[in-house]
Every structure is written in structure tokens, then in C-alpha cells.
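Dear colleague,

Please read the notes alongside the coordinates.

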Amino acid sequence: MASVPKGRFKRFEHRFERILWRLRLIAILPVVMSLVSTVVAFVLGTLEIGKALVSLGDGAYTKKTFVAELLGAIVTGIDLYLIGIALLIFGYGVYELLISPIEAARENDQGGGGLLDIRDLDQLKEKLVKVLVVALIVSAFKAMLTLPIHDGPSLAFFCLSVLLLSLSGYLVTGSGGKRQF
């Protein structure tokens with residue numbers, strides 16, 4: 001059985017590693033798609049808020065539920081903005097982690113160390129989780145706007161919802177165990 005010369009194996013290994021390293025560039029696809037999705041989410045959020053503001057001029061404010069519906073539409077727009085921000089963070093994070101650091105973000109101290117400064121996978125996960133939890137809190141707030149309170153159990157459910165939202169907001173801020181005044 002003939003053995004492969006060490007030099008030939010080393011060349012093969014070097015070529016394979018170069019191909020493997022270049023293959024990481026396929027990550028540009030989720031980056032581009034998340035950035036396009038960010039734009040779509042921002043446009044949809046703006047349209048939702050615009051639609052709510054246009055309803056002010058329609059004279060529909062005579063309905064009993066108008067304020068709840070108006071706030072619900074505005075909160076929906078804000079929720080779409082938050083989802084867009086999460087997609088933006090994801091796109092930037094994947095780009096920085098797998099393709100290349102974003103030099104423009106570090107020029108003249110523009111945003112370096114901010115929300116989009118992602119140096120490892122744990123930072124990306126942490127930032128995404130925070131934004132997504134806030135988006136869920138906003139969605140829950142929207143649902144609570146139209147929650148009918150007719151009796152004791154529905155009031156208890158509403159209070160429990162407020163308590164859970166407060167707890168999740170407290171946990172997201174990262175102040176667990178630290179006293180802040």
C-alpha cells in the first residue's frame with residue numbers, strides 16, 4: 001500500500017481549507033434577505049401608523065372602541081419596527097461574524113460599541129433576545145388594550161398579565177441583583 005507523500009497531502013489540505021474559508025461567503029444570502037426584510041418591516045410599520053393617523057380624520061372617533069383601535073394600530077406599527085430592528089441586528093451580526101467587520105461603523109466612532117457592534121455569537125444572541133422580548137411585550141400590550149374586563153377572573157388575568165410584562169421588562173434590562181436608583 002503506497003503512502004501519499006506529505007507535501008501532496010499538505011497542498012490538498014491547504015486547497016481544501018481555502019475553499020472552506022471562501023464557503024463562509026454564502027452567509028451573504030441571509031444577510032441580504034434580513035436587510036431587505038428590515039426595510040419591508042419598517043415600511044409596513046410606517047403604513048400601519050399612517051393608517052391609524054388617517055383614521056383620526058375619518059370621524060370614526062365617535063365609536064366607543066376608537067381609542068383602543070387607534071392605539072392598537074400604533075402599537076402594531078411599533079411592533080413591526082422592533083421586528084425590523086431585530087432583523088437588522090441579525091443581518092449585521094451574521095455579516096460581522098462570518099464575513100467581515102463593518103469598518104464604516106468604526107470610523108469616527110460612529111456606532112462602535114452600540115447595538116450593532118457584535119463581536120461574538122453570544123452578543124448576537126443577547127441583543128436579539130432583548131429586542132424580541134421587547135417586541136413580545138409590545139404585542140402583549142396591544143392585546144391588553146382590547147381585553148374585556150367584566151368580572152373578577154378577567155381582572156385577575158389582566159393583573160397577572162401586567163405583572164408578567166413588568167417582570168419580563170425587569171429581566172430584559174439586565175439589572176438582576178443590582179440595585180439601581
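At the start of α5, a side-chain oxygen of Asp-120 comes to within 3.2 Å of the backbone nitrogen of Asp-122. This is a predicted model, in which local features need pLDDT of at least 70 and side-chain atom pairs count only at pLDDT 80 or more, while totals for chains, interfaces and linings use all residues. Residues are numbered from 1 along each chain as its sequence is written, and side-chain values use heavy atoms, with hydrogens and water left out.

Helix α5 covers residues 121-145, and because 25 residues at 1.5 Å a residue should span 36 Å, the 36 Å between its end C-alpha atoms agrees with expectation (the expected span is 1.5 Å times one less than the number of residues; helices are DSSP runs of H or I, at least four residues, numbered from the N terminus). Its buried residues (under 20% relative accessible area, 1.4 Å probe, protein chains only) are Leu-124, Lys-127, Leu-128, Val-131, Ala-135, Val-138 and Met-144, and what covers them includes α3 (66-99) and α6 (152-172).

The axes of α3 and α5, as lines fitted to C-alpha atoms over the stretch in contact (heavy atoms within 4.5 Å) with angles running from 0 to 180 degrees between N-to-C directions, come within 9 Å and cross at roughly 170°. That makes α3 roughly antiparallel to α5 (over 145 degrees). By class, their contact has 21 nonpolar residues (Ala, Val, Leu, Ile, Met, Phe, Trp, Tyr, Cys and Pro), 4 polar (the others, Gly among them) and 3 charged (Asp, Glu, Lys and Arg).

With regards

Conventions: Helices (H or I, at least four residues) and strands (E, at least two) are DSSP runs, numbered from the N terminus. Buried means under 20% relative accessible area, exposed over 50%, partly exposed in between (1.4 Å probe, protein chains only). A polar contact is a pair of N or O atoms within 3.5 Å; within protein, one must be able to donate a hydrogen and the other to accept it, and residues adjacent in sequence count only if both atoms are side-chain atoms. Angles under 35 degrees count as roughly parallel, over 145 as roughly antiparallel, 65 to 115 as roughly perpendicular and the rest as oblique.
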